[in-house]
Amino acid sequence: MHFSDAIQQLLDLRVFLISFLICLCVYEFYDWWNVKMSSLMNLPPGPWGLPGVGCIPYLFLASYRTGLPLSEPHLLLTHLTESYGKVYSMYVGSKLLVFLNSYSSIRDAFQNRFISDRPYSNIVEKLGGKGEGINLSSGSPWIEQRRFTLRAFSRFGLGKRRFEDQVLMEAGVLVSECFKYGGKAFNPDILFPKATSNVLCSVIFGKRFDYDEPKFERLLHISKRQIEIIGTGVVALYVPLVKYFQGDITQELVAITTEQREELNKFITEHKENFDPDNLDSYLDVYLSEIEKSKENGTESEVNEDNLICTIREIFGAGTESSASTMGWLMLHMMEYPEVQTRVHQELDAVVGRNRMPRMSDKPDLVYTHATILEVQRIQSIGPLGFPHLSSQKTSIGDFEIPAGTIVVPNVWAIDHDPDVWPDPWRFDPNRFISEDGGIFREEEVIPFSLGRRVCLGENLAKMELFLFFSHLLHQFTIKKVDKMTKLDFKGVVGSTYSPRPFEMIADKRE
Ligand code: HEM
């Protein structure tokens with residue numbers, strides 16, 4: 001070996017040792033700082049992390065040790081309650097996350113106005129365009145958009161009898177589409193998103209689309225893809241580094257979102273041509289009339305065309321797949337538990353009879369049918385980790401302090417499967433929602449729509465849709481497995497909702 005090579009190697013070794021010592025010091029300092037800060041701040045308990053990556057290595061290790069896959073994070077996060085309790089915290093990447101695993105902690109946190117923002121994400125930002133919308137916005141733009149949308153919904157009768165007729169009509173179309181299969185096997189995922197999306201088209205545009213209209217099919221495909229991409233991109237919310245490795249999916253997201261925005265623009269332009277300010281019949285009508293008013297008054301407002309497109313896109317995104325997935329889970333449970341299905345059939349026959357279809361006014365008497373929907377929502381946890389909130393300033397949850405900028409995650413799965421709350425939580429049993437006097441009880445403890453200040457804006461609409469679609473299908477059909485021996489898959493796909501894997505069913509006409 002040459003003398004110069006030996007010097008070089010020595011230098012390399014020195015560089016390595018010095019770097020190692022610096023890392024050690026930073027780590028020690030970071031650890032000391034964390035301990036110092038949390039003892040000063042009384043953060044919720046939780047595992048310690050490493051500088052920069054936080055608890056990511058710990059999560060990998062915990063997943064390996066327990067066999068609970070990181071692809072279904074709600075399972076591992078529920079398991080961690082055994083070590084850290086119902087409210088715990090950890091650094092994931094550089095962000096502090098607090099996980100809430102009990103109903104009372106979610107209720108307290110989500111009623112707190114300082115835990116009502118949304119965390120920033122580079123991937124969801126690509127969806128926004130120039131507008132801020134409702135679902136992903138924070139602060140006063142969020143308050144203004146949310147208030148306006150709620151007012152607009154009630155102005156044209158959402159949740160009222162008039163709107164029920166539109167949902168009933170869509171339920172009728174869904175039933176006739178199922179008849180078209182003539183008792184042959186089909187994948188219901190072809191139908192449910194069309195039905196749920198068409199209800200939203202009635203809300204937003206005041207019109208519905210034929211199921212086979214190519215433009216409608218394309219918009220649905222885009223909406224579904226957006227949800228899948230956001231699902232895979234969610235990790236970048238917590239680990240900013242990940243965004244540098246997401247090239248392809250962000251490009252695809254930008255491309256399909258631009259296409260979606262252009263299509264929505266075309267609908268809006270067409271709609272404007274027939275706009276009648278004296279006859280406000282849809283969300284779009286109310287929004288356009290508000291924009292006109294702001295222009296006339298010369299006032300600056302969040303109600304503008306950029307936000308219009310953004311909120312329309314969000315309402316489709318939030319309301320199509322979530323309701324369609326719930327319908328999918330309902331069908332799977334009817335196939336797996338024919339005895340439950342028989343009881344729903346018997347109840348429908350006794351209360352509604354065979355000569356008419358169910359209506360919302362039948363709901364108080366269709367107790368078992370209602371309880372079956374609640375039990376499916378509980379056992380499948382359609383949004384297992386809900387939607388994250390962000391603290392806008394230092395605040396508290398129970399006795400714990402929460403610093404500004406903390407991401408607060410509701411672990412809905414943990415509540416839905418907590419044996420202290422729901423005895424034998426893995427048993428599918430609608431009766432757990434029926435009280436001794438024969439009514440529904442404990443409904444408020446099932447929180448697929450979340451609760452508090454950011455509670456789902458479409459909760460009432462979604463409840464109406466689920467009840468009418470489910471009761472209409474069961475009034476007309478017996479839902480059966482394609483083959484009695486088929487083992488159904490109750491493990492879902494984790495995206496922004498927990499949806500069933502593709503499956504086939506038979507809708508057998510009832511006499
Ligand atoms: C079964 C169906 C549905 C489920 C399970 C569901 C669930 C949720 C959840 C968990 C949130 C987040 C709440 C939070 O941040 O704490 C949410 C927000 C939202 N949902 Fe739904 N949703 C459903 C249907 C709908 C429908 C039909 C609409 C259409 C009107 C809709 C519109 C929205 C909007 C606009 C938000 C954002 C609210 C905000 O950030 O202030 N959802 N939904």
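This is a predicted model: local features need pLDDT of at least 70, side-chain atom pairs count only at pLDDT 80 or more; totals for chains, interfaces and linings use all residues.
Residues are numbered from 1 along each chain as its sequence is written, and side-chain values use heavy atoms, with hydrogens and water left out.

**The chain overall**

- The protein chain has 19 helices and 10 strands (DSSP runs numbered from the N terminus: H or I of at least four residues for helices, E of at least two for strands).
- Of the 511 residues in the protein chain, 49% are buried (under 20% relative accessible area, with a 1.4 Å probe and protein chains only).
- Take the contacts (heavy atoms within 4.5 Å) between residues at least 6 apart in sequence: 73% of them join residues at least 24 apart.

**Strand β2 and its partners**

- Strand β2 (residues 95-100) is largely enclosed by the rest of the structure, because five of its six residues are buried.
- Strand β1 (residues 87-92) runs antiparallel to β2, and six bridges join them (strands pair if DSSP finds at least two bridges between them).
- S89 has V98 in β2 as its bridge partner.
- Two residues lie between the strands in the hairpin of β1 and β2, where G93 takes a positive phi near 60°.
- With strand β6 (residues 407-410), β2 pairs in the parallel sense over four bridges.
- Opposite L100 stands P410 in β6.

Methods. Buried means under 20% relative accessible area, exposed over 50%, partly exposed in between (1.4 Å probe, protein chains only).
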